[in-house]
Amino acid sequence: MEHAVHAAKPQLVKSRAGGWLPRDPAHTAAWIARLRDAAKGQDLADVPPIADFRAMVESDQTLYNLAQAMFAQAYQLAPTTPLGQPSVETFDEFLTLLNLIMTTAPEAYQDIASQQPAGLIGFPINALLDWPMATEPGYTFFSNAVVNQLFKRILAYWSQFLTSPASRYVLTEQPYPVSPTTEAVAWLSMAAQQEMVQVAMSALGDGANPTPDRFQSIFNCIPGAQYLGFSSWDDFFTRTFRTGVRPVSAPGDDSVIANACESAPLQVVNNVSASAQFWIKGQPYSLGDILAFDDLAPQFTGGTIYQAFLSALSYHRWHSPVSGTVVKAYVVGGSYYLENLYEGFANPGGADPSAPNDSQPFLTAVATRGVIFIQADNPAIGLMAVIPVGMAEVSSCEITVKPGDRVTKGDQIGMFHFGGSTHCLVFRPGVNLDFHFYGQTPGLDAINMRVNTALATVL
(Lines give C-alpha, C1' and ligand atoms only; values in the text may rest on other atoms or scores of the structure.)
Protein backbone atom coordinates (compact mmCIF):
# COMPACT_ATOMS: atom_id res chain seq x y z
CA MET A 1 0.00 0.00 0.00
CA GLU A 2 1.40 3.38 -0.96
CA HIS A 3 1.10 6.26 1.50
CA ALA A 4 1.05 9.82 0.28
CA VAL A 5 3.26 12.40 1.94
CA HIS A 6 1.27 15.01 3.83
CA ALA A 7 2.62 18.48 4.41
CA ALA A 8 0.30 19.31 7.28
CA LYS A 9 1.89 20.28 10.59
CA PRO A 10 1.46 17.57 13.23
CA GLN A 11 -1.08 18.25 15.94
CA LEU A 12 0.32 17.74 19.42
CA VAL A 13 -1.99 16.08 21.90
CA LYS A 14 -2.03 18.46 24.87
CA SER A 15 -1.81 15.72 27.46
CA ARG A 16 -1.31 11.99 27.47
CA ALA A 17 -2.30 11.05 30.99
CA GLY A 18 0.38 8.76 32.34
CA GLY A 19 2.49 8.90 29.17
CA TRP A 20 1.15 5.68 27.65
CA LEU A 21 1.50 7.07 24.09
CA PRO A 22 3.75 9.84 22.75
CA ARG A 23 2.47 13.39 22.89
CA ASP A 24 3.67 13.99 19.31
CA PRO A 25 1.81 11.71 16.85
CA ALA A 26 4.93 11.73 14.64
CA HIS A 27 6.55 9.26 17.02
CA THR A 28 3.54 6.96 16.94
CA ALA A 29 3.49 7.26 13.14
CA ALA A 30 7.16 6.25 12.99
CA TRP A 31 6.42 3.18 15.08
CA ILE A 32 3.48 2.23 12.82
CA ALA A 33 5.77 2.67 9.78
CA ARG A 34 8.26 0.20 11.27
CA LEU A 35 5.45 -2.23 12.02
CA ARG A 36 4.25 -1.94 8.41
CA ASP A 37 7.72 -2.69 7.08
CA ALA A 38 8.02 -5.73 9.34
CA ALA A 39 4.60 -7.00 8.26
CA LYS A 40 5.55 -6.74 4.57
CA GLY A 41 8.61 -8.86 5.15
CA GLN A 42 6.92 -11.68 7.07
CA ASP A 43 3.48 -12.33 5.52
CA LEU A 44 2.28 -14.03 8.70
CA ALA A 45 -0.91 -16.06 8.94
CA ASP A 46 -3.42 -14.74 11.46
CA VAL A 47 -3.05 -16.23 14.93
CA PRO A 48 -6.22 -18.20 15.87
CA PRO A 49 -8.09 -15.51 17.88
CA ILE A 50 -7.41 -12.85 15.22
CA ALA A 51 -8.55 -15.25 12.49
CA ASP A 52 -11.79 -15.80 14.44
CA PHE A 53 -12.21 -12.05 14.93
CA ARG A 54 -11.67 -11.36 11.23
CA ALA A 55 -14.16 -14.08 10.23
CA MET A 56 -16.80 -12.82 12.66
CA VAL A 57 -16.59 -9.21 11.49
CA GLU A 58 -16.51 -10.13 7.80
CA SER A 59 -19.58 -12.36 8.23
CA ASP A 60 -21.61 -9.56 9.82
CA GLN A 61 -22.31 -6.82 7.28
CA THR A 62 -23.17 -4.23 9.92
CA LEU A 63 -19.99 -4.79 11.90
CA TYR A 64 -17.91 -4.93 8.74
CA ASN A 65 -19.32 -1.59 7.57
CA LEU A 66 -18.61 -0.05 10.99
CA ALA A 67 -15.06 -1.41 10.99
CA GLN A 68 -14.35 0.05 7.56
CA ALA A 69 -16.03 3.35 8.38
CA MET A 70 -14.13 3.99 11.61
CA PHE A 71 -10.76 3.70 9.85
CA ALA A 72 -11.93 5.76 6.86
CA GLN A 73 -13.23 8.56 9.10
CA ALA A 74 -10.13 8.52 11.30
CA TYR A 75 -7.90 8.75 8.24
CA GLN A 76 -9.71 11.95 7.24
CA LEU A 77 -9.79 13.46 10.73
CA ALA A 78 -6.57 12.40 12.42
CA PRO A 79 -3.46 14.59 12.30
CA THR A 80 -0.79 13.83 9.73
CA THR A 81 2.94 14.16 10.30
CA PRO A 82 6.00 15.36 8.40
CA LEU A 83 6.98 11.69 8.10
CA GLY A 84 4.20 11.23 5.60
CA GLN A 85 2.69 8.45 7.69
CA PRO A 86 -1.08 8.71 8.13
CA SER A 87 -3.12 6.70 10.57
CA VAL A 88 -3.89 3.06 9.80
CA GLU A 89 -6.18 3.24 6.78
CA THR A 90 -8.27 0.05 6.76
CA PHE A 91 -9.58 -2.65 9.03
CA ASP A 92 -7.62 -5.25 7.07
CA GLU A 93 -4.36 -3.36 7.59
CA PHE A 94 -5.18 -3.07 11.30
CA LEU A 95 -5.56 -6.84 11.60
CA THR A 96 -2.27 -7.41 9.77
CA LEU A 97 -0.44 -5.11 12.17
CA LEU A 98 -2.33 -6.49 15.17
CA ASN A 99 -1.15 -9.96 14.23
CA LEU A 100 2.47 -8.78 14.38
CA ILE A 101 1.95 -7.19 17.81
CA MET A 102 1.20 -10.64 19.23
CA THR A 103 4.96 -11.28 19.33
CA THR A 104 6.15 -7.82 20.36
CA ALA A 105 6.57 -6.08 23.70
CA PRO A 106 6.17 -2.36 24.50
CA GLU A 107 9.02 -0.11 23.42
CA ALA A 108 10.18 3.38 24.29
CA TYR A 109 12.16 5.76 22.08
CA GLN A 110 14.70 8.50 22.44
CA ASP A 111 16.14 11.05 20.04
CA ILE A 112 19.62 9.96 18.91
CA ALA A 113 21.06 13.48 18.72
CA SER A 114 19.80 14.79 22.06
CA GLN A 115 19.40 11.46 23.86
CA GLN A 116 16.11 12.84 25.18
CA PRO A 117 12.95 10.72 25.55
CA ALA A 118 10.77 10.74 22.43
CA GLY A 119 7.83 8.68 23.66
CA LEU A 120 6.58 5.36 24.91
CA ILE A 121 4.45 2.93 22.93
CA GLY A 122 3.04 1.47 26.13
CA PHE A 123 -0.26 0.61 24.43
CA PRO A 124 0.72 -0.82 21.01
CA ILE A 125 -2.82 -1.85 20.04
CA ASN A 126 -4.18 1.46 21.31
CA ALA A 127 -1.63 3.20 19.06
CA LEU A 128 -3.31 1.59 16.04
CA LEU A 129 -6.81 2.41 17.29
CA ASP A 130 -6.04 5.80 18.81
CA TRP A 131 -8.09 7.71 16.25
CA PRO A 132 -10.55 5.11 14.84
CA MET A 133 -12.02 4.38 18.27
CA ALA A 134 -12.76 8.10 18.72
CA THR A 135 -15.16 8.12 15.74
CA GLU A 136 -18.90 7.45 15.90
CA PRO A 137 -18.59 4.14 13.98
CA GLY A 138 -15.77 3.19 16.35
CA TYR A 139 -17.98 3.87 19.36
CA THR A 140 -20.72 1.65 17.97
CA PHE A 141 -18.25 -1.08 16.95
CA PHE A 142 -16.56 -1.30 20.36
CA SER A 143 -19.91 -1.17 22.15
CA ASN A 144 -20.72 -4.57 20.66
CA ALA A 145 -20.56 -7.41 23.20
CA VAL A 146 -19.34 -9.99 20.69
CA VAL A 147 -16.54 -7.67 19.54
CA ASN A 148 -15.37 -7.31 23.14
CA GLN A 149 -15.66 -11.03 23.78
CA LEU A 150 -13.39 -11.82 20.86
CA PHE A 151 -11.00 -8.99 21.72
CA LYS A 152 -10.66 -10.51 25.17
CA ARG A 153 -9.40 -13.69 23.51
CA ILE A 154 -6.89 -11.70 21.44
CA LEU A 155 -5.54 -9.96 24.55
CA ALA A 156 -5.34 -13.27 26.40
CA TYR A 157 -3.31 -14.70 23.51
CA TRP A 158 -0.93 -11.71 23.61
CA SER A 159 -0.58 -12.07 27.38
CA GLN A 160 0.95 -15.53 26.85
CA PHE A 161 3.81 -13.85 24.98
CA LEU A 162 4.19 -10.99 27.48
CA THR A 163 4.51 -13.45 30.36
CA SER A 164 7.01 -15.64 28.51
CA PRO A 165 10.83 -15.39 28.44
CA ALA A 166 10.62 -14.45 24.74
CA SER A 167 9.22 -11.03 25.70
CA ARG A 168 12.50 -10.10 27.39
CA TYR A 169 14.07 -9.06 24.09
CA VAL A 170 13.32 -5.42 25.05
CA LEU A 171 15.01 -5.85 28.46
CA THR A 172 18.47 -5.01 27.13
CA GLU A 173 21.24 -2.73 28.34
CA GLN A 174 22.20 -1.16 24.99
CA PRO A 175 19.80 1.00 22.90
CA TYR A 176 19.29 -0.08 19.31
CA PRO A 177 18.49 2.23 16.33
CA VAL A 178 15.01 2.06 14.83
CA SER A 179 15.27 5.03 12.42
CA PRO A 180 17.92 7.57 11.36
CA THR A 181 16.84 9.90 14.17
CA THR A 182 15.48 7.67 16.95
CA GLU A 183 16.53 4.59 18.84
CA ALA A 184 14.68 2.19 21.10
CA VAL A 185 15.49 2.78 24.74
CA ALA A 186 16.99 -0.32 26.32
CA TRP A 187 14.77 -0.78 29.36
CA LEU A 188 17.75 -1.88 31.47
CA SER A 189 20.15 0.81 30.22
CA MET A 190 21.38 3.27 32.83
CA ALA A 191 19.39 6.07 31.16
CA ALA A 192 16.13 4.11 31.30
CA GLN A 193 16.78 2.94 34.85
CA GLN A 194 17.47 6.53 35.86
CA GLU A 195 14.18 7.68 34.33
CA MET A 196 12.23 5.02 36.24
CA VAL A 197 14.05 6.01 39.42
CA GLN A 198 13.20 9.65 38.75
CA VAL A 199 9.51 8.79 38.37
CA ALA A 200 9.61 6.93 41.66
CA MET A 201 11.54 9.68 43.43
CA SER A 202 9.29 12.49 42.14
CA ALA A 203 6.13 10.92 43.54
CA LEU A 204 4.65 13.10 46.28
CA GLY A 205 3.94 12.11 49.85
CA ASP A 206 5.61 10.74 52.92
CA GLY A 207 8.05 7.88 52.52
CA ALA A 208 11.63 6.76 52.41
CA ASN A 209 14.15 8.36 50.09
CA PRO A 210 16.07 5.59 48.32
CA THR A 211 19.39 6.29 46.65
CA PRO A 212 18.39 8.47 43.66
CA ASP A 213 20.72 6.88 41.10
CA ARG A 214 20.16 3.18 41.66
CA PHE A 215 17.24 1.26 40.19
CA GLN A 216 18.38 -1.75 42.19
CA SER A 217 17.98 0.10 45.49
CA ILE A 218 14.30 0.79 44.81
CA PHE A 219 12.96 -2.28 43.00
CA ASN A 220 13.28 -5.97 43.75
CA CYS A 221 15.63 -7.49 41.16
CA ILE A 222 18.90 -9.45 40.98
CA PRO A 223 21.81 -7.06 40.32
CA GLY A 224 24.28 -8.54 37.85
CA ALA A 225 21.91 -11.24 36.61
CA GLN A 226 20.78 -11.40 32.99
CA TYR A 227 17.63 -9.26 32.57
CA LEU A 228 18.21 -8.32 36.25
CA GLY A 229 16.46 -11.58 37.03
CA PHE A 230 13.11 -10.63 35.47
CA SER A 231 11.40 -13.65 33.92
CA SER A 232 9.30 -11.76 31.33
CA TRP A 233 8.14 -8.33 30.20
CA ASP A 234 5.16 -8.56 32.58
CA ASP A 235 7.42 -9.57 35.46
CA PHE A 236 9.48 -6.43 34.81
CA PHE A 237 6.44 -4.19 34.41
CA THR A 238 4.79 -5.43 37.62
CA ARG A 239 8.08 -5.10 39.52
CA THR A 240 7.80 -4.58 43.25
CA PHE A 241 9.40 -2.06 45.57
CA ARG A 242 12.03 -3.19 48.02
CA THR A 243 10.98 -3.36 51.67
CA GLY A 244 10.88 0.09 53.24
CA VAL A 245 10.73 2.09 50.01
CA ARG A 246 6.99 2.77 50.34
CA PRO A 247 6.17 2.66 54.07
CA VAL A 248 2.55 2.93 55.16
CA SER A 249 1.54 6.31 56.59
CA ALA A 250 0.23 6.18 60.16
CA PRO A 251 0.00 2.38 60.28
CA GLY A 252 -1.70 2.39 63.68
CA ASP A 253 -4.17 5.19 62.93
CA ASP A 254 -7.38 3.94 61.28
CA SER A 255 -8.53 7.52 60.62
CA VAL A 256 -5.81 7.87 57.94
CA ILE A 257 -6.66 6.38 54.53
CA ALA A 258 -3.67 5.28 52.44
CA ASN A 259 -3.18 5.82 48.71
CA ALA A 260 -4.13 2.54 47.02
CA CYS A 261 -2.05 3.02 43.83
CA GLU A 262 1.06 4.94 42.83
CA SER A 263 -1.08 7.42 40.91
CA ALA A 264 -1.94 11.04 40.14
CA PRO A 265 -5.21 12.49 41.50
CA LEU A 266 -7.81 13.21 38.82
CA GLN A 267 -10.81 14.40 40.84
CA VAL A 268 -13.01 14.04 43.91
CA VAL A 269 -16.79 14.07 43.42
CA ASN A 270 -19.31 14.18 46.25
CA ASN A 271 -23.00 13.27 46.37
CA VAL A 272 -22.68 10.72 43.57
CA SER A 273 -25.91 9.48 42.01
CA ALA A 274 -27.06 5.88 41.94
CA SER A 275 -27.72 6.24 38.22
CA ALA A 276 -26.57 8.86 35.72
CA GLN A 277 -26.06 9.35 31.99
CA PHE A 278 -22.33 8.69 32.17
CA TRP A 279 -22.00 8.69 28.37
CA ILE A 280 -22.78 12.43 28.05
CA LYS A 281 -20.12 15.12 27.75
CA GLY A 282 -20.17 15.93 31.48
CA GLN A 283 -19.55 12.26 32.36
CA PRO A 284 -21.10 12.12 35.83
CA TYR A 285 -20.36 8.99 37.81
CA SER A 286 -23.08 6.33 37.89
CA LEU A 287 -22.65 4.19 41.01
CA GLY A 288 -24.89 1.35 39.86
CA ASP A 289 -22.87 0.91 36.67
CA ILE A 290 -19.48 1.35 38.36
CA LEU A 291 -20.30 -1.24 41.03
CA ALA A 292 -21.86 -3.65 38.50
CA PHE A 293 -25.30 -3.29 40.12
CA ASP A 294 -24.08 -5.21 43.14
CA ASP A 295 -26.62 -5.51 45.95
CA LEU A 296 -24.23 -3.45 48.10
CA ALA A 297 -24.21 -0.55 45.61
CA PRO A 298 -27.27 1.30 47.05
CA GLN A 299 -25.34 1.90 50.28
CA PHE A 300 -23.05 4.28 48.38
CA THR A 301 -25.72 6.51 46.82
CA GLY A 302 -24.89 10.11 47.70
CA GLY A 303 -21.37 9.18 48.69
CA THR A 304 -17.90 10.22 47.49
CA ILE A 305 -15.68 8.99 44.64
CA TYR A 306 -11.97 9.67 44.40
CA GLN A 307 -10.35 8.87 41.02
CA ALA A 308 -6.66 8.80 40.07
CA PHE A 309 -4.65 7.61 37.05
CA LEU A 310 -1.45 5.59 36.80
CA SER A 311 1.68 6.51 34.86
CA ALA A 312 3.37 4.24 32.33
CA LEU A 313 6.70 3.99 34.14
CA SER A 314 5.36 3.57 37.62
CA TYR A 315 4.28 0.85 40.02
CA HIS A 316 1.19 -1.15 39.01
CA ARG A 317 0.03 -3.01 42.09
CA TRP A 318 -2.89 -2.06 44.33
CA HIS A 319 -2.76 -1.87 48.12
CA SER A 320 -5.53 -1.72 50.67
CA PRO A 321 -6.30 1.86 51.70
CA VAL A 322 -7.73 0.70 55.06
CA SER A 323 -7.47 -2.10 57.57
CA GLY A 324 -10.51 -4.35 57.55
CA THR A 325 -12.15 -7.41 56.06
CA VAL A 326 -12.71 -8.16 52.37
CA VAL A 327 -16.46 -8.57 51.84
CA LYS A 328 -16.52 -9.17 48.07
CA ALA A 329 -13.85 -9.25 45.36
CA TYR A 330 -14.44 -9.96 41.68
CA VAL A 331 -13.64 -8.78 38.15
CA VAL A 332 -16.36 -7.26 35.94
CA GLY A 333 -15.96 -7.85 32.21
CA GLY A 334 -16.33 -4.76 30.07
CA SER A 335 -15.24 -2.98 26.93
CA TYR A 336 -11.61 -2.58 25.85
CA TYR A 337 -11.52 0.28 23.32
CA LEU A 338 -14.69 2.23 24.06
CA GLU A 339 -14.47 5.99 24.67
CA ASN A 340 -16.97 8.70 25.42
CA LEU A 341 -18.50 9.66 22.08
CA TYR A 342 -18.93 13.26 23.24
CA GLU A 343 -15.20 13.79 23.69
CA GLY A 344 -12.48 13.57 21.04
CA PHE A 345 -13.56 14.43 17.48
CA ALA A 346 -17.03 15.38 18.72
CA ASN A 347 -15.46 18.14 20.82
CA PRO A 348 -13.48 20.18 18.24
CA GLY A 349 -12.27 22.75 20.76
CA GLY A 350 -11.13 20.14 23.27
CA ALA A 351 -7.57 19.35 24.29
CA ASP A 352 -7.85 15.61 23.76
CA PRO A 353 -8.67 14.91 20.08
CA SER A 354 -8.64 11.14 20.34
CA ALA A 355 -10.49 11.15 23.66
CA PRO A 356 -8.78 8.61 25.96
CA ASN A 357 -7.82 11.10 28.68
CA ASP A 358 -11.14 12.91 28.88
CA SER A 359 -12.96 9.57 28.89
CA GLN A 360 -11.53 8.39 32.21
CA PRO A 361 -14.71 8.93 34.29
CA PHE A 362 -16.73 7.25 31.51
CA LEU A 363 -14.43 4.22 31.63
CA THR A 364 -15.30 3.55 35.28
CA ALA A 365 -18.75 2.44 34.13
CA VAL A 366 -17.95 0.51 30.94
CA ALA A 367 -14.38 -0.86 31.05
CA THR A 368 -13.14 -4.12 32.53
CA ARG A 369 -12.62 -3.48 36.23
CA GLY A 370 -12.19 -5.03 39.62
CA VAL A 371 -14.71 -4.52 42.41
CA ILE A 372 -13.36 -4.99 45.93
CA PHE A 373 -15.61 -4.20 48.91
CA ILE A 374 -13.80 -3.82 52.23
CA GLN A 375 -15.45 -3.42 55.64
CA ALA A 376 -13.06 -1.02 57.36
CA ASP A 377 -12.23 -1.51 61.02
CA ASN A 378 -12.89 2.18 61.58
CA PRO A 379 -16.70 2.55 61.93
CA ALA A 380 -16.41 6.14 60.66
CA ILE A 381 -15.47 4.61 57.29
CA GLY A 382 -17.43 1.35 57.37
CA LEU A 383 -17.97 -0.32 54.01
CA MET A 384 -15.89 1.14 51.16
CA ALA A 385 -14.90 -0.03 47.68
CA VAL A 386 -11.69 -0.10 45.63
CA ILE A 387 -12.33 -0.08 41.85
CA PRO A 388 -9.24 -0.66 39.67
CA VAL A 389 -10.21 0.09 36.06
CA GLY A 390 -8.44 -1.37 33.03
CA MET A 391 -8.01 0.66 29.85
CA ALA A 392 -7.30 -0.66 26.34
CA GLU A 393 -4.73 -3.47 26.51
CA VAL A 394 -4.48 -3.02 30.25
CA SER A 395 -7.62 -4.85 31.18
CA SER A 396 -6.08 -7.76 33.06
CA CYS A 397 -7.13 -6.96 36.61
CA GLU A 398 -5.78 -9.63 38.96
CA ILE A 399 -7.29 -9.58 42.44
CA THR A 400 -5.05 -11.29 45.02
CA VAL A 401 -7.48 -11.29 47.97
CA LYS A 402 -10.77 -13.13 48.47
CA PRO A 403 -13.91 -12.59 50.57
CA GLY A 404 -13.25 -13.13 54.26
CA ASP A 405 -9.57 -12.15 54.09
CA ARG A 406 -8.26 -9.76 56.73
CA VAL A 407 -6.20 -6.93 55.24
CA THR A 408 -4.01 -4.44 57.00
CA LYS A 409 -3.66 -0.98 55.54
CA GLY A 410 -0.93 -1.17 52.91
CA ASP A 411 -1.32 -4.88 52.11
CA GLN A 412 -1.32 -5.81 48.43
CA ILE A 413 -4.81 -6.61 47.09
CA GLY A 414 -4.11 -6.98 43.35
CA MET A 415 -2.39 -5.64 40.25
CA PHE A 416 -2.75 -4.53 36.64
CA HIS A 417 -0.87 -6.68 34.15
CA PHE A 418 0.88 -5.19 31.10
CA GLY A 419 0.57 -1.66 32.46
CA GLY A 420 -2.03 0.30 34.39
CA SER A 421 -4.92 2.65 33.97
CA THR A 422 -7.11 4.40 36.51
CA HIS A 423 -8.81 3.55 39.78
CA CYS A 424 -11.48 4.80 42.16
CA LEU A 425 -12.08 4.68 45.88
CA VAL A 426 -15.78 4.81 46.76
CA PHE A 427 -17.12 5.89 50.16
CA ARG A 428 -20.63 5.90 51.59
CA PRO A 429 -22.53 9.12 52.37
CA GLY A 430 -21.71 10.55 55.76
CA VAL A 431 -18.01 9.68 55.50
CA ASN A 432 -16.37 13.10 55.78
CA LEU A 433 -12.90 13.14 54.23
CA ASP A 434 -10.05 15.65 54.20
CA PHE A 435 -7.95 14.78 51.15
CA HIS A 436 -4.20 15.39 51.00
CA PHE A 437 -2.80 16.25 47.55
CA TYR A 438 0.59 17.58 48.71
CA GLY A 439 0.28 21.03 47.20
CA GLN A 440 -1.11 20.07 43.80
CA THR A 441 -4.52 20.36 42.21
CA PRO A 442 -6.19 17.17 40.93
CA GLY A 443 -6.37 16.96 37.13
CA LEU A 444 -4.51 15.67 34.07
CA ASP A 445 -1.47 17.78 34.96
CA ALA A 446 -1.09 16.24 38.42
CA ILE A 447 1.80 13.91 39.21
CA ASN A 448 1.98 10.64 41.10
CA MET A 449 1.50 10.39 44.83
CA ARG A 450 3.28 7.50 46.52
CA VAL A 451 1.40 4.29 47.14
CA ASN A 452 0.67 3.77 50.86
CA THR A 453 1.12 7.46 51.66
CA ALA A 454 -1.65 9.33 53.47
CA LEU A 455 -4.43 10.16 50.95
CA ALA A 456 -7.19 11.35 53.25
CA THR A 457 -8.18 11.68 56.88
CA VAL A 458 -11.64 10.82 58.19
CA LEU A 459 -13.02 13.82 60.05
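Q: How many disulfides does a search of the whole structure find?
A: This is a predicted model. A disulfide requires a pair of cysteine sulfur atoms within 2.5 Å. Searching the whole structure for disulfides gives a count of zero.

Q: Is Cys 424 buried or exposed?
A: A residue counts as buried when its relative accessible area is under 20%. For Cys 424 the relative accessible area is 0%, so Cys 424 is buried.

Q: Is Cys 221 buried or exposed?
A: The cut-off for buried is under 20% relative accessible area. Cys 221 has 14% relative accessibility and therefore counts as buried.

Q: In what order do the three strands of the open sheet with antiparallel pairing lie?
A: The edge strands, each pairing on one side only, are β5 (256-258) and β16 (433-435). Strand β17 (residues 454-458) runs antiparallel to β16, joined to β16 by three bridges. The order is β5-β17-β16.

Q: Which residue in β17 stands opposite Leu 433?
A: Strand β16 covers 433-435, and β17 covers residues 454-458. The residue in β17 opposite Leu 433 is Val 458.

Q: Is Ala 292 buried, partly exposed or exposed?
A: Ala 292 lies in the loop between α11 (287-290) and β7 (304-310), and its phi is positive, near 55°. Partly exposed lies between the limits of under 20% for buried and over 50% for exposed. With 28% relative accessibility, Ala 292 is therefore partly exposed.

Q: Is Phe 293 buried or exposed?
A: Phe 293 is in the loop between α11 and β7. Although not a glycine, Phe 293 has a positive phi of about 55°. Exposed means over 50% relative accessible area. At 63%, Phe 293 is exposed.

How values were computed: Residues numbered from 1 in each chain as written. Predicted model: local features only at pLDDT ≥ 70, side-chain atom pairs only at ≥ 80, totals over all residues. Heavy atoms only, no water. Buried < 20%, exposed > 50% of the residue type's maximum accessible area, 1.4 Å probe, protein only. Pairing = 2+ DSSP bridges. Helix = DSSP H or I, 4+ residues; strand = E, 2+ residues; numbered from the N terminus.
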